[in-house]
Protein chains: 2
Amino acid sequence: MTRPRLTQQERTERTRELLLDATVDCLVELGYARTSTNEICRRAGVSRGAQQHHFATKAELMANAIEHLVTKLLASMSEHPPSSLPGPDRVAMGIDMLWQGYSGSLSTAVMELWVAARTDPELRAAMHPIDKGLARRTSELFREMLGDQVAPDQPEQPQKDMPLWLTVNLIRGLALDAMLGGDPVRRDQLLQEWKTIAVKTYGA
Amino acid sequence: MTRPRLTQQERTERTRELLLDATVDCLVELGYARTSTNEICRRAGVSRGAQQHHFATKAELMANAIEHLVTKLLASMSEHPPSSLPGPDRVAMGIDMLWQGYSGSLSTAVMELWVAARTDPELRAAMHPIDKGLARRTSELFREMLGDQVAPDQPEQPQKDMPLWLTVNLIRGLALDAMLGGDPVRRDQLLQEWKTIAVKTYGA
DNA sequence: AAGTTTACCGGCAGACCTGATTGTTTCTTC
DNA sequence: GAAGAAACAATCAGGTCTGCCGGTAAACTT
């Protein structure tokens, strides 16, 4: 016969996970404005009391959701194995990886939080360090894929990061377009065009 | 002695203008989530009754704010005279024009509405036609600046629009970065780099 | 095994916010 | 100039959302 109840730590972990996942769900499906703690609790199958016990305020819940989200996003990007295929197409592969990461529903949730954070100082403060971490990790992943030797403590080389950040910003624009129901075919054409240009400019 | 009260039409026009401007103000300053009809009325110096008289529902107010906003945005873009300077720098000028248009506070408000519209069918429906109009007009402006003969009823030439839409999406990504307090210097560098690439790829 | 801490429950109150409704004043029209 | 329409004012009612609080039971501590 199994234990009738989990250990405290397990319970905490499980409940927090349920809440954070439900939060992300709500952000994707309802958007930040319509996301209420009530609905989050309903989806998580957790009482409002429990929610408040783990995350005292809504802002706190959201702040933790960000970290949860970024962790998942980086994981999904790391999935695509950064095996450095030979050839000049590594730039194109890097772009594909970024598109994979930034075009899914996870990035939709992140976008909601970004926009909300613009006018919410508390949320903004919580996001800032996590955002920096995401940027750093993305840069590392990109360089790994390009086959560069990653020397973390080396002085910054902004030149090196140009293709990365051009791509990231373009992709964020495309992600926005996708959110609004733009034409997927045209998005692919644009991404394809960018890959061609990027390979020609930065490749090999 | 002047008329103690304006004519009906003038009053209507003025009140609507006040309300829509206040709405945009709220969107920029508070974000969509925290924008309430109450606050809009307060800023516009108009009673809630008046607001409801002109825009029955909040969604209707927002929907009209979009049009108001896009009109202003196009006006601000048209300001920059599309005088076709000679030389291959016309592409760079076009990019500058787009950046001018899409990087101000107007585009912040538009962004708020876009994100809100993702999960609000009514708002989404209202935005769709206006969005298409914006896209069409932007394309025309861009072509004018490039010195192309604009032949409106000509069959679509997607090839021609590649540099435009690559630029627009990149700029939207950069605008998002600006909203979140990214580094302005790096944004300039990225835009500069893109101009160089675009001129080399599409210029002259 | 008693006491303490922790996780969780569910109701409550205060603060908005939105849409509706009724009343008042001024313009317009006939 | 009288009737009707339009612009506006002000209050009301219904709903939702958030944060708080007292209570319970299980898990940990000693």
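Biologist: What does buried mean for a residue in this predicted model?
Modeller: The term rests on relative accessible area, computed with a 1.4 Å probe on protein chains only. Over 50% is exposed, and partly exposed lies in between. Buried means under 20%.

Biologist: Is T119(B) buried or exposed?
Modeller: T119(B) sits in the loop between α6 and α7 (121-146) of chain B. Its relative accessible area is 17%. The cut-off for buried is under 20%. T119(B) is therefore buried.

Biologist: Which backbone oxygen does the side chain of T119(B) reach?
Modeller: Leave aside neighbours within four places in sequence, and T119(B) is in contact with V28(A), E29(A), L30(A), G31(A) and R34(A). The side chain of T119(B) comes to 3.0 Å from one backbone oxygen. That oxygen belongs to L30(A).

Biologist: How many residues of chain B are in contact with chain A?
Modeller: Chain A contributes 38 residues to the contact. The two chains bury about 3600 Å² between them, 64% of it on carbon and sulfur atoms. R118(B), N169(B) and L180(B) supply 18% of the area that chain B buries there, more than any other three residues. The count for chain B is 38 residues.

Biologist: Which helix gives the largest share of the side of chain B that touches chain A?
Modeller: Twelve residue pairs are in polar contact between chain B and chain A, both at pLDDT 80 or more. On chain B, α1 (8-34), α6 (105-118), α8 (158-179) and α9 (184-202) each supply at least two residues of the touching side. By class, that side has 20 nonpolar, eight polar and ten charged residues. The largest share, eleven residues, comes from α8(B).

Biologist: What relation do chain B and chain A have?
Modeller: A rotation of 180° superposes chain B on chain A, with 0.0 Å of shift along its axis and an RMSD of 0.1 Å. The same surface serves both copies, as 100% of the contact residues of chain B recur in chain A.

Biologist: How many salt bridges does the rule find across the interface of chain B and chain A?
Modeller: R118(A) and E112(B) meet through their side chains in a salt bridge, 3.0 Å from N to O. Over all chains, the whole structure holds 22 salt bridges. Across the interface the number is four.

Biologist: What separates E140(A) and R137(A) along helix α7 of chain A?
Modeller: Their side chains meet in a salt bridge, 3.0 Å from N to O. E140(A) is partly exposed at 23%, and R137(A) is partly exposed at 29%. The two are three residues apart in the helix, so the separation is about one helical turn.

Biologist: How many residues apart in sequence are the parts tied together by D177(B) and R187(B)?
Modeller: D177(B) forms a salt bridge with R187(B), the closest N and O atoms being 3.0 Å apart. D177(B) is buried at 10%, and R187(B) is buried at 11%. D177(B) lies in helix α8 and R187(B) in helix α9 of chain B, so the parts tied together are apart by ten residues.

Biologist: Which residues does L134(B) touch, not counting those up to four places away in sequence?
Modeller: L134(B) is in helix α7 of chain B. It is buried, with a relative accessible area of 5%. L134(B) and L73(B) are 61 residues apart in sequence and 9.1 Å apart in space, C-alpha to C-alpha. L134(B) touches V70(B), L73(B), L74(B) and Y102(B).

Biologist: How many helices are there in chain A?
Modeller: Of the 204 residues in chain A, 46% are buried. Among contacts in chain A with a separation of 6 or more, 69% join residues 24 or more positions apart. Chain A has zero strands, and its helices number nine.

Technical notes:
Residues are numbered from 1 along each chain as its sequence is written. Chains are lettered from A and ligands numbered from 1 in the order in which they are written. This is a predicted model: local features need pLDDT of at least 70, side-chain atom pairs count only at pLDDT 80 or more; totals for chains, interfaces and linings use all residues. Side-chain values use heavy atoms; hydrogens and water are left out. Contact means heavy atoms within 4.5 Å. Buried area is the accessible area (1.4 Å probe) that two parts lose on being put together, summed over both. A polar contact is a pair of N or O atoms within 3.5 Å; within protein, one must be able to donate a hydrogen and the other to accept it, and residues adjacent in sequence count only if both atoms are side-chain atoms. Helices (H or I, at least four residues) and strands (E, at least two) are DSSP runs, numbered from the N terminus. Ala, Val, Leu, Ile, Met, Phe, Trp, Tyr, Cys and Pro count as nonpolar, Asp, Glu, Lys and Arg as charged, and the others, Gly among them, as polar. Copies are superposed by least squares on the C-alpha atoms of residues with pLDDT of at least 70 in both.
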